[in-house]
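Hi there,

Here is the structure I promised to pass on to you. Please open it alongside this email, and I will go through what turned up.

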Amino acid sequence: MGETIITKQNDMDNPLGIEPVGKLLKSFALPSVAAFLVNNLYNIVDQIFIGQGVGYQGNAATTVAFPIVTIVLSLSMLVGAGGSAYASIRLGEGKFSIAEKVLGNMMTILIIVGLLLCGIGFLFFEPMLRLFGAKDTIMEYAKDYSSIILLGVPFMMVGAGLSNMARTDGSPKMAMLSMLVGAVLNTVLDPIYIFVFKWGVKGAAIATITSQILSAIILVWYFRRKGKMRLKKQYLKPEWQLIIAFCSLGVSSFIVQIANTLLQVILNNSLVYYGDACSVGGDVALSAMGIVLKVSAILIGINIGIGTGAQPIVGFNYGAKKPQRIKDTYLLSVKIASICSIIGWIGCVFFPKYLLMIFGSGDANFMNFAVKSMQVYMFGIFISGIQIVSTGYFQATGQALKASILSMLRQVILLIPLIIIFPLFWGLDGILVAGPVADIASGLIVSFFILKEMKRLNHWMKEV
C-alpha cells in the first residue's frame, strides 16, 4: 500500500490528463453506456421473447428472478466500480503497479464471491424464489429460469467487474465489445431455443448464461494479453488491506444495486398482494411492472453509463490535481445525462403503448394497467441523470461516505418506505405514485450537495 513506484503512465502521457474533456467523455461514455445497455439487454431480450413465446406468466417468472441479477450486479459493482475508482486515482498519481495489483485482487474476489452466491442460491432455492414473489401459478417457470441463471453467476460477476477496469485501463471499447458480443449471441440464441427447440424459459436462461460466459472470457483474455494493466499470477493472492481500500470506494455503487434488490423484493410482494386485492390480479401486476422496470433499467443504465464513463476522467484528474478538468467533466456529463433522461421521460409519459408492445401483447386488463404503470411510476425519471452522475462524481473523487449516503436516497431512504406506506392509503395506485415522489425528492437533495461541491472546486481552482 505504501508503494511509490511510478512507471508507464503519468500526467504527461496519459490522455486522461491532457486531451479535451469533450473528446474524452465521448470516447469513454459512449462505450460505457453501450456496455450498461447491453448488460440490461440480457434480461430485456429474454422478456421480449418469453412474452412472445410463453406469455405473461413466463415474464412474471423473469421478474421474480430479477433480484438474483441485481444481487450479482451489486457485488460486482462493489468490487469492480470500487477497484476501478481506486485504480484511476493511483494511475493519476503515477502508481501503475498498485493499479495492476488491484486488478489481480479484483479477479480473485469476483470468482470467490460468484461461487459463494451460486452455492447459497441453490441451498435456499425455493424459499428464495418465494421471498422474491413467486406464487404457485408461476413457480415452475421461476424454477426453470432461475436454476440456470444461478449457474452463470460466477461468469456474470467476472464480466461485470472487469468491464469497469477495462474503462480505467483506457479501453472503454473493449468493455463495450465484450458485452456487445454476448448480447448479440443472446439475441440470436433466444428465438432458437424458445421457438425452434421449444425449451421455453429454460432456453432463454441457457442463452443468457452462454452469452455471459463468452463476455467474461473476452475480458480475461484482454487483461492477460492486450491490456496496459495485466492479470499476473503474483497479484491474484488477496491482500485484504488493499481489497478493503478499493471496495470502500465501491460501497455507493453496491448500495445502489443492493437497494435495487431489496426494492425488487418488496415491490414484487406488494404488487402480488395489492394486485390480488383488486381487479387487476397479482400475476398481471407483477408482469406489467416487470416490463416498466426493464424500461426504467434502460434509462437508468444510460445515466449510469455516462457517470461511469466520466469516473476515470474525474478520478485521474483528481489524483493529478486538475480541478478545472474535474468540473468541466462533471458539468458536461450531467448535461448529457439530463437530456437523455428528459427524452426517456417523454417516451414513457406520452407514448407508453408503443414501448409496451415490444414486450408482447396481453388482454385489456393487462395493457390498461401496464400503460398506467408506465405513465405514473416513470413520471419523475427526468431528474434521474442529476442524481446518478452526481453520486458517481463523489465516488470518483474518493468521497466514499458522501457517495454512499446519496446513493441510498432514492431506493432506501425514500422509495422503499413509500412503497410500504402509500398502498395503505391508495392500494395498488400507491405503489405507482411512490416512484415519481422518490425520484424528484432525491434529485433535489443531491442537487443541494453538488452545488456545495462546485463551490469547493471553484475555490480549489483559484489556489492552483
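This is a predicted model: local features need pLDDT of at least 70, side-chain atom pairs count only at pLDDT 80 or more; totals for chains, interfaces and linings use all residues.

**Helix 17**

Ile 419 sits in helix 17, which covers residues 409-426. Ile 416 belongs to helix 17 as well, and with a relative accessibility of 8% Ile 416 also counts as buried. An α-helix has 3.6 residues a turn, so residues three or four places apart point the same way. Ile 419 and Ile 298 are 121 residues apart along the chain, and their C-alpha atoms are separated by 22 Å. For Ile 416 and Leu 73, the separation along the chain is 343 residues, while 19 Å lies between their C-alpha atoms.

**Helix 11 and what follows it**

Helix 11 runs over residues 282-319, 38 residues in total. From its first C-alpha to its last, helix 11 reaches 51 Å, close to the 56 Å expected at 1.5 Å a residue. Where does helix 11 have a kink? The kink lies at Gln 311, shortly before the proline Pro 312, and amounts to about 30 degrees. Because 35 of its 38 residues are buried, helix 11 is largely enclosed by the rest of the structure.

After helix 11 comes Lys 321, in the loop that leads from helix 11 to helix 12. Lys 321 is not a glycine, yet its phi is positive, about 60 degrees. In contrast to the buried residues of helix 11, Lys 321 counts as exposed, with 57% relative accessibility.

**Another lysine, and helix 8**

Lys 198 shows a positive phi of about 60 degrees too, although it is not a glycine. Its place is the loop between helix 7 (172-196) and helix 8. Is Lys 198 buried or exposed? Lys 198 is exposed, and its relative accessible area is 66%.

Thr 208 is buried, having a relative accessible area of 2%. Which backbone oxygen does the side chain of Thr 208 reach? It is that of Ala 204, at 3.0 Å.

**Two helix pairs**

Helix 12 (residues 323-350) and helix 18 (residues 428-463) have axes that come within 9 Å and cross at roughly 150 degrees. Angles over 145 degrees count as roughly antiparallel, so helix 12 is roughly antiparallel to helix 18. The crossing of these two helices is left-handed.

The other pair is helix 10 (residues 251-276) with helix 16 (residues 400-407), whose axes come within 8 Å and cross at roughly 15 degrees. With the limit for roughly parallel set at under 35 degrees, helix 10 and helix 16 are therefore roughly parallel to each other. Their crossing is right-handed.

Back in helix 18, you will find Trp 460. Trp 460 counts as buried, at 16% relative accessibility, because the cut-off for buried is under 20%. How many residues apart in sequence are Trp 460 and Gly 80? They are 380 residues apart in sequence, and 29 Å apart in space from C-alpha to C-alpha.

**Helix 15**

Helix 15 takes in residues 384-396. At 1.5 Å a residue, its 13 residues should span 18 Å, and its end C-alpha atoms are 18 Å apart, which agrees. Helix 15 is mostly covered, with 12 of its 13 residues buried. Among the buried ones are Ile 388, Val 389, Tyr 393 and Phe 394, as well as Ser 384 and Gly 392. Helix 15 is followed by Gly 398, whose phi is positive, near 80 degrees.

Best wishes

How values were computed: Residues are numbered from 1 along each chain as its sequence is written. Side-chain values use heavy atoms; hydrogens and water are left out. Helices (H or I, at least four residues) and strands (E, at least two) are DSSP runs, numbered from the N terminus. The expected span of a helix is 1.5 Å times one less than its number of residues. The bend at a residue is the angle between axes fitted to the seven residues ending there and the seven starting there. Buried means under 20% relative accessible area, exposed over 50%, partly exposed in between (1.4 Å probe, protein chains only). A polar contact is a pair of N or O atoms within 3.5 Å; within protein, one must be able to donate a hydrogen and the other to accept it, and residues adjacent in sequence count only if both atoms are side-chain atoms. Axes are lines fitted to C-alpha atoms, for helices over the stretch in contact, and angles run from 0 to 180 degrees between N-to-C directions. Angles under 35 degrees count as roughly parallel, over 145 as roughly antiparallel, 65 to 115 as roughly perpendicular and the rest as oblique. A crossing is left-handed if the near helix is turned anticlockwise from the far one by less than a right angle, and right-handed if clockwise.
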